[in-house]
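Please brief me on this protein model.

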Amino acid sequence: MIKNNLHKVSIEILHKLSQTTEVTRITYEGPAIAIYTKSPEVFIENPVLISELATKFKKRLLLRSEPDVRLDINNAIDILYEILEAKGFSRSEIHIFFDSIRGEVHIFLPKYLPGDILRKVTIDIVKRTKWIPKFRAYYYEIPHVYKMIYSALVMKGGERVSQRILSNIGERIFRSPINPSQDIRIVGLGGVQEVGRSAILVETSESKILLDFGVKVGSQRRSEYMPRIDALDLILNDLDAVILSHAHLDHSGLIPLLYKFGYRGPVYMTEPTLPLTVLLLKDFIDIAEKSGFTPLYNDNDIREMIKHTIILRYNQVTDISPDIKLTFSNAGHILGSALTHLHIVEGIYNILYTGDFKFGRTRLLEPAYHEFSRVESLIIESTYGARNDILPPRREVERFFAVEVKKVLDRKGKILIPTPAVGRAQEMLAVIHSLINSKDEEYRIPVVPVYIDGMIDDANKIHIMYLEYLSNAIRGLFRESGENPFKTDYIVSVDRPSRRDEVINERGPAIILSTSGMLQGGPVIEYLKHLAGDPNNSLMFVSYQAEGTLGRRIVDGERSIDIIDNGRIVTIHIDMNVKKFDGFTGHSDRRQLLGFVSRLKHLLKNVYIVHGEPTKMKSLSTTIASFFKLPAEPLNLLETIYLK
Ligand code: ZN
């Protein structure tokens, strides 16, 4: 039956195309259909050939060259250098990575080529190498993480073996439905009545989908560290898909473990989510090793995840199983974060899972998308869902922050800002950039060195590469003046421990952003040790401090703290000023959560609350139920909900 479907489409496609296109076969490639040819240049020169077929068959069609006509990688590199050097790039500026699973060559350049030149270069490359190029501008520097990503995509087992991964995924997606029942159920496996280890199973009579599979990093108890997939009668190979909403470890952290245990299906995510996730996963296993633990999985499992990753754009509707279509849209939380919309059984049912989302503007991102036409069930986070979780307006928070920063810098003190590497760090750099350039003298802060330590620099580089995902304001600034807030004259990356000592011993005011965000280890501890004793300095918290962390204890007033220094416990006294700023969060506050529900309320039949402390989940569900007269309930761990 599967073969027959594809067979029918293949015959029609072949019928439409002339002999000169040299099409050799048509196969599934994940959710799309790939057309293999010996002459890809014919299609590149006539883009309408593919677009007309795609419209006719309502399928995503991908152009692929036959592996045996592709020039071998070493010769292809020489030709690529020759073509690009002729366009004015030096060899050291050109970074070339091959994806032999898809027959694509990904070329990273310091800037984009103008459209007409890009087209000529593309045709030239395809004609001479038969590899299909994709271009991305890096503007600044390519983070190391791309080496790992592409090392997974150039496979030793031969191209045919690696392509089988994608065609197997496709055959599963387009298999004929066998079960006509319309039962749909959801089960919370983690991230319910808590923040951490997010995982939700969505099941129809036909398919099984996992939404996120995160870790609870700070959990004291081993049993609370992982989502409760163990409690299900689920064979991993029965899973149709894993969908990753965004890169943060509490949503992504244990996906490689699924591959370690034998899962070989796809994981769907947006383009920037892949490098950000790999960056965080690598750091996660490095930290485990350094602290003397055996990591739960290794690089090979991360590579297996990369091989099975399928990238989707926002608002692109994609078949992911015989009865489910997936659409991502902007969630406004971090770079690449997505709201997950599932359209089930020809649209008889539609689920929207928010993941972490911000229904409000930040410096970094546009607010979460809300213009859905069908959503019967909403699964919504509730990090700031309690009655008193109303954050002050952003403008006010920034002004308050500016006043405090000015005070410290005026007295020549240093400001230490503990921050997670992905998301908040870039948001704070964007805030600092705007305050330095403020027209209002009262809130303008002086230009001082801004040191960034930990993985912030790598995360910055990734942000610059995906400008199209960032806020209109940041894109506008970049287009008009070439400026970007993550790479300026005053930002200095602390790239080695000796540089860290220099920063600490340097006289004069400075701002230091360093990981980890809750003072749970990382370079920030080094700075804290040296800066804590001087009341002219200031420790500024700009992100959520979880219960039990050192950050939370300091926020709650503890001033004498024990830390481990070279294997010895030393006590340090916090004489530096301590300030906490609410309102820089990438989550929706109570008002924004209710605002989002209010936009969708005419569509909704049910609301399910996840991702929050129990009291916050309860408070949000009670309010939604009474305010909007909608059935709303907090999900409980392992409770099965049948959607009606
Ligand atoms: Zn998050």
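The points below go through the model by topic.

This is a predicted model. The domain assignment gives four entries: domain 1 (2-68), domain 2 (70-137), domain 3 (158-388 + 587-642) and domain 4 (394-584).

**Domains**

- Domain 3 is assigned in two stretches, 158-388 and 587-642.
- Domain 4 covers 394-584.
- The centres of domain 1 and domain 4, taken over C-alpha atoms, are 51 Å apart.

**The seven-stranded sheet**

- This open sheet has 7 strands, ordered β13-β14-β15-β16-β17-β26-β27, and its pairing is mixed.
- The edges are β13 (318-321) and β27 (632-634); each has a single partner strand, so one side of each lacks a neighbour in the sheet.
- On average, neighbouring strands here are turned by 25° against each other, direction ignored.
- Strands β17 (residues 377-381) and β26 (residues 606-610) run parallel and are joined by 5 bridges.
- Within that pair, L378 stands opposite V607 of β26.
- Helix α20 (residues 614-628) packs on the sheet and touches β17, β26 and β27. The direction of α20 makes about 175° with that of β27.
- Helix α19 (residues 590-600) lies across β15 (338-344), β16 (349-353) and β17. Helix α19 runs at about 170° to β17.

**The six-stranded sheet**

- A second open sheet has 6 strands in the order β20-β19-β21-β18-β22-β25, with parallel pairing.
- Strands β20 (491-493) and β25 (577-580) stand at the edges; each pairs with a single partner, so one side of each is left without a neighbour in the sheet.
- Neighbouring strands of this sheet are turned by 20° against each other on average, direction ignored.
- Strand β18 (residues 414-418) runs parallel to β21, and 5 bridges join the two.
- I415 stands opposite I511 in β21.
- Helix α14 (residues 456-465) packs on the sheet, with contacts to β19 (450-452), β20 and β21. The direction of α14 makes about 100° with that of β19.
- Helix α17 also packs on the sheet, touching β18, β21 and β22 (538-541). The direction of α17 makes about 145° with that of β18.

**The zinc site**

- Which residues coordinate the zinc ion? The donors are H246 (NE2), H248 (ND1), H333 (NE2) and D356 (OD), at 2.2 to 2.3 Å.
- The donor residues are spaced H-x1-H-x84-H-x22-D in sequence.
- Why is the arrangement irregular? The 4 donor atoms subtend angles of 90 to 169° around the zinc ion, which makes the arrangement irregular.
- H246 is buried, at a relative accessible area of 0%.
- H248 is buried too, with a relative accessible area of 18%. The cut-off for buried is under 20%, so the value for H248 falls within it.

**Backbone details**

- Most residues other than glycine have a negative phi, and most peptide bonds are trans.
- T515 and S516 are joined by a cis peptide bond, with omega about 0°.
- S516 sits in the loop between β21 (510-514) and α17 (524-531).
- K130 is not a glycine, yet its phi is positive, near 65°. K130 lies in the loop between α5 (115-129) and β6 (132-137).
- K629 has a positive phi of about 55°, although it is not a glycine. K629 lies in the loop between α20 and β27.
- Is each of these lysines buried or exposed? K130 is buried, with a relative accessible area of 17%. K629 counts as exposed, at 69% relative accessibility.

**A buried loop residue**

- T585 is found in the loop between β25 and α19.
- T585 is buried, with a relative accessible area of 4%.
- Leaving aside neighbours within four places in sequence, T585 is in contact with K358, T362, Y384, L391 and R424.

How values were computed. Residues are numbered from 1 along each chain as its sequence is written. This is a predicted model: local features need pLDDT of at least 70, side-chain atom pairs count only at pLDDT 80 or more; totals for chains, interfaces and linings use all residues. Side-chain values use heavy atoms; hydrogens and water are left out. Domain bounds come from an automatic or database domain assignment. Two strands pair if DSSP finds at least two bridges between them. Helices (H or I, at least four residues) and strands (E, at least two) are DSSP runs, numbered from the N terminus. Axes are lines fitted to C-alpha atoms, for helices over the stretch in contact, and angles run from 0 to 180 degrees between N-to-C directions. Contact means heavy atoms within 4.5 Å. Donors are N, O and S atoms within 2.8 Å of the metal (3.2 Å for Na, K and Ca); water is not among the atoms, so sites may look incomplete. Four donors count as tetrahedral if all angles lie between 85 and 135 degrees; four count as square planar and six as octahedral if opposite donors are over 155 degrees apart and all others between 65 and 115; anything else is irregular. Buried means under 20% relative accessible area, exposed over 50%, partly exposed in between (1.4 Å probe, protein chains only).
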